[in-house]
Structure formats: structure tokens, C-alpha cells
Amino acid sequence: MKATAKAHPIQGLVKYHGMRDEELRHPYHDSISLCTAPSHTKTTVEFDPELDEDDYVVDGDPVEGKGADRIRTVVDEVRDRAGVDHRVRFRSENSFPTNIGFGSSASGFAAAAMALSEAAGLDLTRPEVSAIARRGSASAARAVTGAYSHLRTGTDDEDCRSERIDVADELEDDVRVVAGMVPSYKETDSAHAEAAESHMFEGRMAHIHGQIAKMRGELRDGDFDAAFERAEHDSLSLAATTMTGPSGWVYWQPRTIEIFNAVRELREEGVPVYFSVDTGASTYVNTTAEHVDRVEEVVADCGVDTRVWTVGGPAQILDEDEALF
């Protein structure tokens with residue numbers, strides 16, 4: 001009863017904000033994202049009858065408190081579905097910096113849900129696994145199905161699950177994401193918890209459904225500029241809601257703004273490039289293979305570390321020789 005899985009983190013294109021049900025992580029509205037590779041989380045799990053309690057370790061550090069509680073929600077869901085009561089040995093490693101706005105919780109819980117389902121002997125489709133992963137992080141549902149994915153809202157696992165979107169080939173092969181890393185601690189859960197208290201929230205709810213429909217069409221048609229301009233606009237819409245909640249969360253740092261301005265200057269030069277930000281200071285800069293070297297150079301000149309990512313696929317079960325223990 002042991003398995004290893006790998007999943008890629010996500011970049012939100014049309015992002016969700018706020019939870020209708022915080023325990024089951026049912027978002028208020030739909031969301032669309034793309035997975036970024038080769039950045040990934042690898043997780044090995046084993047249901048061990050000799051263990052007295054669950055044993056969670058991420059990036060070499062034991063996980064306790066709130067973090068352990070979130071992992072346990074996914075573990076318990078798999079145990080309940082499989083009728084397994086053994087404790088779990090859980091080891092997870094990330095290939096990229098975490099907690100700076102690059103979707104590590106998405107890849108983490110997606111890899112966990114895939115590995116746990118496999119180890120427990122559950123025969124599930126990826127959309128079905130996505131409903132399990134959602135209990136740890138709603139974004140993890142989309143990391144399970146991979147590439148460009150759509151998480152639908154709902155009040156149960158039949159509706160609130162992720163599906164992969166069929167997109168034009170050029171958006172699978174030609175998109176490049178320059179990650180501009182701006183380390184800054186973030187409180188995503190706190191922002192979600194108070195989302196509905198912003199006076200901007202109802203406006204975003206009224207706006208978001210049209211954005212989802214338009215984004216799906218643009219991805220299907222391979223319209224890079226329209227899709228990623230929409231993602232840039234959605235980043236600003238999300239920030240407006242976040243910044244006008246009770247706590248007034250402002251995630252952006254001076255270098256975040258510097259990257260925004262650099263991207264807009266590149267566009268004035270005719271470069272197809274757009275920024276996108278989730279709840280954090282770090283920035284995704286979306287461009288094409290033809291222009292990625294120039295874009296990365298400009299982003300690096302803003303004084304940040306960079307990485308270049310491509311579109312990543314769905315969560316995968318790995319061979320036994322790739323296990324972490």
C-alpha cells in the first residue's frame with residue numbers, strides 16, 4: 001500500500017476568491033488555470049499498519065498543527081473511500097520555492113491525492129481524484145487534471161471537480177512562463193476567509209462568469225493575446241477585492257510593480273507578453289517561445305531570480321524506483 005506521484009503547480013488565469021464552504025473548499029465561483037512545468041511536487045505515501053500515528057514530512061521538515069490538519073483532510077477522505085484505517089507515512093518534496101505565490105499547495109495536494117488514491121487501491125478518474133485533492137486546496141483540483149483546467153463550483157463532489165480544457169496546440173507547445181520570484185510571506189487562507197466582506201466582491205461575482213466563458217473560447221481558439229490579457233486583467237480584479245477586504249491585504253512588493261511596468265514597456269515594443277499574479281508578490285510573465293529570452297532578461301533586470309516554465313501535464317503516478325523512501 002505504497003505509491004509515489006508527481007504534480008505541477010498552477011498559475012491562475014481566471015482565479016477563484018473566497019469559499020462557500022471552507023471545510024470542503026467549495027469556491028464561490030469557477031476558475032481556470034494552467035500548470036507550470038518542470039516545477040513539480042513529488043510525494044510518496046504508504047499505509048503502514050505498524051505506525052501508531054500519521055507521519056507527515058515536507059521538504060525534510062515534520063508538518064504539524066494547521067498544516068498537518070490540511071493534509072489529514074485528504075488522507076481521511078481516501079481512508080474513508082477505501083475502507084482503510086492504517087496510519088500513513090507521507091514524504092513530499094518540491095522542486096521550486098514555496099509559499100511565495102507559485103501554487104505549491106496546488107501541486108502538493110494534487111500529488112498527495114494521486115499517491116494516496118493509488119496506494120489505497122482506489123480506481124478513480126482524474127476528475128474524481130480532483131475532488132479529493134480539493135479538500136486540501138481548491139487549486140489542487142486543477143493541478144490533478146493538468147495543463148489548462150477548469151474547476152467548477154458546486155456543493156458536492158459530482159459538481160465541484162476539475163476538467164481539462166481542450167485548447168489549440170500552440171497554447172500547449174508555444175507558451176512560456178517567466179517566473180519572477182519576489183519572496184514575501186502570504187496569508188492566502190485569510191484572504192479567502194474574508195473575501196465576501198469586500199464591497200468589490202459582488203461586482204467580481206457578477207463579472208467572473210463572463211470571464212470564464214470568454215477564457216474558454218480564447219483557449220480553444222488559440223488566441224494567446226486575448227487569453228493572457230484576460231489573465232492580466234483578472235489579476236488586477238482579484239487584487240482589488242483582496243485589498244478592499246477588512247484586513248486590506250496588499251501582497252505586491254516594489255519589485256512586483258517594477259515587473260508590471262517592464263511588461264507593459266515590452267508590449268509597447270510589440271512583444272506579446274502579459275503579467276499574472278495570484279495571491280502573492282511573485283509574478284508570472286506569459287510570453288511565447290520566440291520572445292522568452294528577451295522577456296526573461298528584462299524580468300531579471302528588475303532584480304529578481306527567474307525561471308522559465310512551460311505548460312505542464314496532469315498529475316502522474318511514478319515508478320517504484322522514484323519513491324522518496
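This is a predicted model: local features need pLDDT of at least 70, side-chain atom pairs count only at pLDDT 80 or more; totals for chains, interfaces and linings use all residues.
Six strands form an open sheet with mixed pairing, and their order is S8-S7-S9-S6-S1-S16. The edges are held by strand S8 (61-62) and strand S16 (316-317), each of which pairs on one side only. Helix H2, residues 104-119, packs on this sheet, where it touches strand S1 (2-7), S6, S9 and S16. The direction of H2 makes about 35° with that of S6.

With strand S9 (residues 87-94), strand S6 (residues 41-48) pairs in the antiparallel sense over 8 bridges. How enclosed is S6 by the rest of the structure? Of its 8 residues, 7 are buried, so S6 is largely enclosed by the rest of the structure.

Other strand pairings involve strand S15 (residues 305-311). Strand S5 is joined to S15 by 2 bridges, and the two run antiparallel. In this pairing, Ala37 stands opposite Thr310 in S15. Strand S12 (residues 175-181) also runs antiparallel to S15, with 5 bridges between them. Here Gly180 stands opposite Thr306 in S15.

Ala37 leads on to the peptide geometry. A cis peptide bond joins Ala37 to Pro38, with omega of about 10°. Pro38 itself lies in the loop between strand S5 (31-37) and S6. For context, most residues other than glycine have a negative phi, and most peptide bonds are trans.

Arg25 is not a glycine, and its phi is positive, near 55°. This residue sits in the loop between strand S3 (19-21) and strand S4 (26-27). Is Arg25 buried or exposed? With a relative accessibility of 11%, Arg25 counts as buried, because the cut-off for burial is under 20%.

Helix H4 is the next element of interest. All 8 of the 8 residues in this helix (residues 138-145) are buried, so H4 is largely enclosed by the rest of the structure. The buried set includes a charged residue type, Arg142, along with Ser139 and Thr145. Also buried in H4 are Ala138, Ala140, Ala141, Ala143 and Val144.

Which residues are in contact with Val144, leaving aside its neighbours within four places in sequence? They are Ala110, Met114, Arg126, Val129, Ser130, Ala133, Pro314 and Ala315. For one of these, Met114, the C-alpha atom is separated from that of Val144 by 7.6 Å. Met114 and Val144 are 30 residues apart along the chain.

The backbone just after H4 is worth a look too. Gly146 takes a positive phi of about 80° there. Ala147, although not a glycine, has a positive phi as well, of about 45°. Ala147 lies in the loop between H4 and strand S10 (148-151). At 1% relative accessibility, Ala147 counts as buried.

Rolling a probe the size of a water molecule over the atoms shows where empty space is left. How many cavities of 30 Å³ or more does a search of the whole structure find? The search finds 1 such cavity, and about 90 Å³ of space lies in the largest cavity. Its lining comprises 13 residues, with Ala239, Thr242, Tyr251, Trp252 and Asp278 nearest the centre. Sorted by class, the lining has 8 nonpolar, 4 polar and 1 charged residues.

Technical notes:
Residues are numbered from 1 along each chain as its sequence is written. Side-chain values use heavy atoms; hydrogens and water are left out. On a 1 Å grid over the protein atoms alone, a cavity is a set of points where a 1.4 Å probe fits but cannot get out, and a pocket is an open set with protein on both sides within 12 Å along at least five of seven lines; lining residues have an atom within 4 Å of a point. Grid points are joined across faces, edges and corners, and a volume is the space filled by probe spheres set on the points. Buried means under 20% relative accessible area, exposed over 50%, partly exposed in between (1.4 Å probe, protein chains only). Helices (H or I, at least four residues) and strands (E, at least two) are DSSP runs, numbered from the N terminus. Two strands pair if DSSP finds at least two bridges between them. Contact means heavy atoms within 4.5 Å. Axes are lines fitted to C-alpha atoms, for helices over the stretch in contact, and angles run from 0 to 180 degrees between N-to-C directions.
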